[in-house]
Amino acid sequence: MSFFQVIYNSDMKLIIALGNPEKRYDKTRHNIGFFIADHLVGQWHASWQKQKKFHAITAEYVALSGQHVIIAKPTTYYNLVGESARAISDFYKIAPEDTLIIHDDLALPLGTVRTRVGGSSGGNNGLKSLTSHLGETTCRLRIGVWDDPHEGREATDVVLGKLSAAEQQQLAALLPKVTSLIDAFLAGDFAVTTHREV
């Protein structure tokens, strides 16, 4: 082993939820990651804490699998989330392979959940930032947020647009499946899969 090789903490996992921190971004497509993170923290009876050194608010949890979990909502804004993820992973010595990114995906229809390991950013600036700071071996949980990407609207307008009440209900219906996929990640059983809520 090289003297400079990082010794990672295999007893910890990191979940990074993508979104924008200001209240005006609540219920936008870009903030699906934050919506899921809030759901998880509520389920876990954990609490959010501001962490200036991590540029994030974080919560901690010990899963049934015994894994110690850090979940974070970066306060850097969406396009710079890699800075927060790197600060947390460096501090706790968490390997990229033990990091799960939860994010919206315009390429997937609303109500679709897809898991993968690594891959391209697909034009997502948050993923570009994460890749530049953590590399390409992180686990990803992609949430489809748009039924017609060819409608002619600018991507920025779409992702920063508010979800309708019906769309919010459709995404809320995905929470049990999303939670089970996150549980699998925490248990070391993360698999590439696609789920479509009909």
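Predicted model: local features only at pLDDT ≥ 70, side-chain atom pairs only at ≥ 80, totals over all residues.
User: Which residues line the largest cavity?

Analyst: Lining residues are those with an atom within 4 Å of a cavity point. Here they are Ile32, Phe35, Ile36, Ile143, Leu171, Leu174, Leu175 and Val178.

User: Which helices each supply at least two residues of that lining?

Analyst: Those are helix H1 (32-43) and helix H6 (175-186). H1 gives the largest share, with 3 residues.

User: And what is the lining of the largest cavity like by class?

Analyst: Sort the residues into nonpolar, polar and charged, then count each group. For this cavity the tally is 8 nonpolar, with no polar and no charged residues.

User: Now to Lys13. Is Lys13 buried or exposed?

Analyst: Look at the relative accessible area, where under 20% means buried. Lys13 has a value of 7%, so it counts as buried. Its place is in strand S1 (residues 12-17).

User: Which side chain does Lys13 join through a polar contact?

Analyst: That partner is Asp98, with a polar contact of 3.0 Å between the two side chains. Leaving aside residues up to four places away in sequence, Lys13 also touches others, including Gln67, His68, Val69, Ile70, Ile94, Phe185, Leu186 and Gly188.

Definitions and conventions
Residues numbered from 1 in each chain as written. Heavy atoms only, no water. 1 Å grid on protein atoms, 1.4 Å probe; cavity = no way out; pocket = protein on both sides within 12 Å on 5 of 7 lines; lining within 4 Å. Helix = DSSP H or I, 4+ residues; strand = E, 2+ residues; numbered from the N terminus. Buried < 20%, exposed > 50% of the residue type's maximum accessible area, 1.4 Å probe, protein only. Polar contact = N/O pair within 3.5 Å; in protein donor to acceptor, adjacent residues only side chain to side chain. Contact = heavy atoms within 4.5 Å.
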